[in-house]
Amino acid sequence: MTEGPQRGVIDDDLWSWIDDEDPAADVPEVDPESVLAVMVAHNAAEWLPRQLLSLAMLTTRPGRIIVVDTGSTDDTADLLAKAHREGVIDDVLTADAETTFGGAVHLALGETEPDWIWLLHDDSSPRPDALGELLLGVRTTGATVVVPKLLHRPGSVWRAGA
């Protein structure tokens, strides 16, 4: 019988990693310009103004924001065209209503191979610091995939936060 850690006894070696250097210390800063944001929209006229306002107020902006409208039959196309003219978004592509979210993302990527892709739904309304926080998550963890968490604050709605 081998002797292992005993219950109730703290083995200092188990916690030695705390004193190690930060493994993400060698991870360089992520340039927001290397991020392509892709938003997929479908019949989103009801909530799209709030989403577009959120994108306009980002404190850290991605290099490009491309929106794919998947066959909307409401005022979504008009709202997106206005946001494009005003510089809130960089491009608007159209697809048919049967296009899946993944298919819309594939269309937005085209032949490009961005370093980072930020996927947005038409009703996500990210906080102004959302992308900055996601990039900080990359920097501090060295992760190759980061996702926002959903926060619930008493008296408020569910919001995407970083």
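Setting aside neighbours within four places in sequence, S34 is in contact (heavy atoms within 4.5 Å) with P114, D115 and W116. S34 sits in the segment before β1; helices (H or I, at least four residues) and strands (E, at least two) here are DSSP runs, numbered from the N terminus. At 16% relative accessibility, S34 counts as buried, a label for anything under 20% relative accessible area, with exposed meaning over 50% and partly exposed in between (1.4 Å probe, protein chains only).

A quick word on the model: it is predicted, so local features need pLDDT of at least 70 and side-chain atom pairs count only at pLDDT 80 or more, while totals for chains, interfaces and linings use all residues. Residues are numbered from 1 along each chain as its sequence is written, and side-chain values use heavy atoms, with hydrogens and water left out.

Next comes β1 itself, residues 35-41, which is mostly covered: 7 of its 7 residues are buried. In a regular strand, side chains alternate between the two faces of the sheet. Here V35, A37, M39 and A41 point one way, L36, V38 and V40 point the other way, and all are buried.

What does β1 pair with? β4 is one partner, parallel over 6 bridges, and β2 (residues 64-70) also runs parallel to β1, joined by 6 bridges. Strands pair if DSSP finds at least two bridges between them. V38 shows both sides of this: it stands opposite L119 in β4 and opposite I66 in β2.

S125 lies in the loop between β4 and α4. Is S125 buried or exposed? It is buried, with a relative accessible area of 10%.

Not counting residues up to four places away in sequence, S125 touches R50, Q51 and S54. With R50 there is a polar contact between the two side chains, at 3.0 Å; the term covers a pair of N or O atoms within 3.5 Å, where within protein one must be able to donate a hydrogen and the other to accept it, and residues adjacent in sequence count only if both atoms are side-chain atoms.

## Who lines the largest pocket

β4 turns up again in the lining of the largest pocket, giving 6 residues, the largest share. That lining splits into 16 nonpolar residues, 4 polar and no charged, where Ala, Val, Leu, Ile, Met, Phe, Trp, Tyr, Cys and Pro count as nonpolar, Asp, Glu, Lys and Arg as charged, and the others, Gly among them, as polar.
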